[in-house]
Amino acid sequence: MTAYIIRRLLMAVIIVILVTIMVFSAMRLLPGDPLEIFIGQSAGMGQMTEDVKEQLRHEYGLDKSPVIQYFDWIGGVLRGDLGRSITYRDSVGTLMAERFPITLHIGLVAFVLGNIIGIAMGIIAALRRGSWMDSLVTMLSYIGISIPVFWLGFLLMYVFGFHLKWLPISGYVSPFDDFWLSTKHIIMPVICIMITGLAVIARQTRSSVLEVSQQDYVRTAWSKGLPERAVVAKHILKNSLIPVVTLLGIGIGIIFGGSVLVEQVFAIPGIGRLLVTSVFQQDYVVVQSGVLVISFIVIMSNLIVDISYAWLDPRIRYG
Amino acid sequence: MTNNPNKVTFYESPPRISEWRRFWRVFLQRKLVIIGLMILLILVITAIFAPWLASYDPYRGDPYDALAQPSAKHLLGTDIQGRDTLSRLIYGARMVFIVGFVTTGFAATVGVTLGIIAGYYKGITNMIIMRIMDALMGFPMIILALMLAAILGGGIQNVIIALSVAMIPGYARILHGLTLSIKENDYILAQEAMGSSGRRIMFTHILPNSLPVMIVLITLQLGTLILAEAGLSFLGVGIKPPGAAWGAMVADGYKYLTTNPVLSFAPGFAIMLVVFAFNLVGDGLRDALDPRLRGLL
């Protein structure tokens, strides 16, 4: 197990390094002068004399070789210095610290609820295979993987916001300021963010439970006269939920991907919205750091999932 | 009764069922598959014959008829520029299929090739290719596509490039695993013993044997891809106006949600329908080709 963890850790380190190289070179591949990236729109650059530009290039370290620039940037990131935003005139670290808890709040609620509901739906569908409940779950999970989340947002907003007036249409309130209002605010965004993951989990759980139910040891359990509750809980569920664990890592990615769209729909000042606005304001330093932080989290959660998977199922570590 | 040594008994061989017939029987047996195929057929016909089906110019509207409610004249109403929503939807179907097929062609070709090479050669080649794929998978797809589209700028070609890059690792990862298992077969060992080159084994033996999985994967990935494209054009980095992209139509229509909800409801429903159809057909293909893949793909 230790050897496995060390191997996976090493792999994760390599992947993170590759990600930093990709993000760094992506930003350098931008058409035009890299100086534009640092001072924002090229607007002011026309009037600058070559001397001023040279001066600025030196200031931002752009006159050094790309390799040195990369290590300068990484050094900064490791010290917690993610650079400065041009539009917000603030350090990217501060910007992220303000917005991250918001995305995390909605994301965590969506993650927990989506997984619990998804697994429950999958188990019910598989145990009552062919019944109306199975058809309902199958249909709902097809809709869940097919629906554009931003469109679902508008639908919910139209029904529960405009017509029934049950829920606030947009915005965000911290749960520490007003817990109930905050919860009402996040209901619709949470539904939108969790729907895809929920559907994927429900489908996987259903087929996994069906598969395990056909195993010999389950037949043995039935034939020795165990009650349904014992067979299901002790023999079927324990074994069928192992493959579902792998999907939890993917779920984290879906949540961050979804937050980009959903925060835009509901005007939630989280990390996803920051990323989108920065793309449009050509605030590339923010885009670079935002993408880096998100993919770091995704890679780390995949690492944790892989390790716990190996811990749950010894066949993996020795595979 | 004596045994006649000259008498030869013929045993009837079991009836041969052609793999094709078996496939079609399982595939078309499911009602959901038929529904999915019908939706796709209608959409493809719509996309091909768009100029004949649309009764209005999708790009030029009548400003005096802006934001019209659905009526016999404009079945789904008009947008702020007086453009007919239904006509824009019909032309938008073209965009969906163009982006879908070109991107998939590109991503699948690169991803499958990389996956097979990584799986076949193991060692350092495998290490390099697969770690790069892992790194690409570390970015949520829409975020990777958003970053690439930001760098490249909008426009249909750049959207296709951005989405292709984002889709490559999915193909590579599955094909890598598949190649590893195909390689264990005796016919590959026989080829190696005969001295076939690696390239020959990869492309005349491993590739055709992974075809069933590839077909299913492509169908299911088309759904994911269309959702991602819709997401990008919703955010405004997709196809440039006045082009009719369904995702952008949802975003534009949103401003009139209270008065003209159909403006954003109709294109969103169209996106869902096409993704739904690809998922139904993909699942049907998977179960007909190899039910063991359930859960893997």
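This is a predicted model: local features need pLDDT of at least 70, side-chain atom pairs count only at pLDDT 80 or more; totals for chains, interfaces and linings use all residues.
1. Residues are numbered from 1 along each chain as its sequence is written, and chains are lettered from A in the order in which they are written.

2. Chain A has 14 helices and two strands, taken as DSSP runs numbered from the N terminus (helices H or I, at least four residues; strands E, at least two). Its C-alpha atoms fill a box of roughly 85 × 60 × 35 Å along the principal axes. Of its 319 residues, 36% are buried (20 or more other C-beta atoms within 10 Å of their own).

3. Now to the interface: 38 residues of chain A contact 35 residues of chain B. Several helices of chain A each supply at least two residues to this side, including H1 (2-28), H8 (179-213) and H13 (284-312). H11(A) gives the most, with seven residues.

4. Do look at the core too. The largest nonpolar core holds 162 residues, and Ile143(B), Ala145(B), Leu146(B) and Tyr171(B) touch the most other members. Such a core is a set of buried Ala, Val, Leu, Ile, Met, Phe, Trp, Tyr and Cys residues joined through C-beta atoms within 7 Å. Helix H4 of chain B (residues 85-121) gives the most to this core, with 15 residues.

5. Ile143(B) is worth a click: among the residues it touches are Phe256(A), Val260(A) and Ile294(A), not counting residues up to four places away in sequence.

Key
Two residues are in contact if their C-beta atoms, placed from the backbone, lie within 7 Å. A residue is buried if 20 or more other C-beta atoms lie within 10 Å of its own, exposed if 12 or fewer, and partly exposed in between; C-beta atoms are placed from the backbone.
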